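Me: I am new to this structure, and I would like to learn how to read it one feature at a time. Could you take me through it slowly?

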Amino acid sequence: MSVYDYTMKSAQGEEVSLAQYKGKVLLIVNTATGCGFTPQYEGLEKLYKAYADQGFVVLDFPCNQFGNQAPGSDSEIVSFCKLKYDVSFPQFSKIEVNGANAAPLYTYLKSQKGGLLTKDIKWNFTKFLIDREGHVVERYAPTVEPKKIEEAIKALL
């Protein structure tokens, strides 16, 4: 199994096979537009712009499971991110990351790299770094700023 075995819905409602990202380094992030960590969109976009031409992609999965901090529709979330942070990386439809309705992709990610004490995602902006073969290399807590992941990304590129 790898992340390439999953298909997710884009923010525009289209089915997207993650196999299209084979050979790329990925940073998969559960996000929210009304969170204290929301300004991390800026850092995520900087990383994406800096390394996209070398095969790096940020995949954004909005999640409303933590404090109702992503209440908008998929199109409202995309509009907010474009307007406020000029986000250009792929954004997906809102998902759940924990519980019975957790997206299968997130069930897989958590099985590969658990968190502190539990495998559950604790908050928005938890990040998973994926190598070019689709394997989970590292999991980063929401408090880890995108720029602190830059060296790990460069090492995989």
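Me: How many bridges join β3 to β5, and do these strands run parallel or antiparallel?

Reply: Please keep in mind throughout that this is a predicted model. Four bridges join β3 to β5, and the two strands run antiparallel; to see one of these contacts, look at V29, whose bridge partner in β5 is K127.

Me: Which strands form the sheet, and in what order?

Reply: The sheet is open and consists of four strands in the order β4-β3-β5-β6, with mixed pairing. Because β4 and β6 (136-140) stand at the edges with a single partner strand each, one side of each has no neighbour in the sheet. If direction is ignored, neighbouring strands are turned by 20° against each other on average.

Me: What do β5 and β6 form, and how many residues lie between them?

Reply: They form a hairpin with five residues between them, and G134 in the turn has a positive phi of about 90°.

Me: Which residues of α1 are buried?

Reply: Buried means under 20% relative accessible area, and in α1 this applies to Q40, Y41, L44, E45, L47, Y48 and Y51. They cover an arc of only 160° around the axis, which puts them on the same side of α1. The face turned away from that buried side carries the exposed residues K46 and K49.

Me: What covers the buried residues of α1?

Reply: The cover includes β3 (25-31), β4 (56-62), α2 (74-85), β5 (127-130) and α4 (150-156). The helix α1 lies across β3, β4 and β5, and runs at about 150° to β4.

Me: How many aromatic pairs does a search of the whole structure find?

Reply: The search finds 10 aromatic pairs. In one of them, the rings of Y6 and Y108 have their centres 5.6 Å apart and their planes at 35°, so the pair is tilted. Y6 lies in the segment before β1 (7-9) and Y108 in helix α3 (residues 104-112), so the pair ties together parts that are 102 residues apart in sequence. Y6 counts as buried at 13% relative accessibility, and Y108 is buried too, with a relative accessible area of 7%.

Me: Which residues do ring pairs link into a cluster?

Reply: The cluster linked by ring pairs contains Y41, Y48, F80, Y85, F89 and F125, and Y41 and Y48 are among the buried residues of α1.

Methods
Residues are numbered from 1 along each chain as its sequence is written. This is a predicted model: local features need pLDDT of at least 70, side-chain atom pairs count only at pLDDT 80 or more; totals for chains, interfaces and linings use all residues. Side-chain values use heavy atoms; hydrogens and water are left out. Buried means under 20% relative accessible area, exposed over 50%, partly exposed in between (1.4 Å probe, protein chains only). The arc is that of the directions from the helix axis to the C-beta atoms. Contact means heavy atoms within 4.5 Å. Two strands pair if DSSP finds at least two bridges between them. Axes are lines fitted to C-alpha atoms, for helices over the stretch in contact, and angles run from 0 to 180 degrees between N-to-C directions. Rings of Phe, Tyr and Trp (its six-membered ring) pair if their centres lie within 6.5 Å; planes under 30 degrees apart count as stacked, over 60 as edge-to-face and the rest as tilted.
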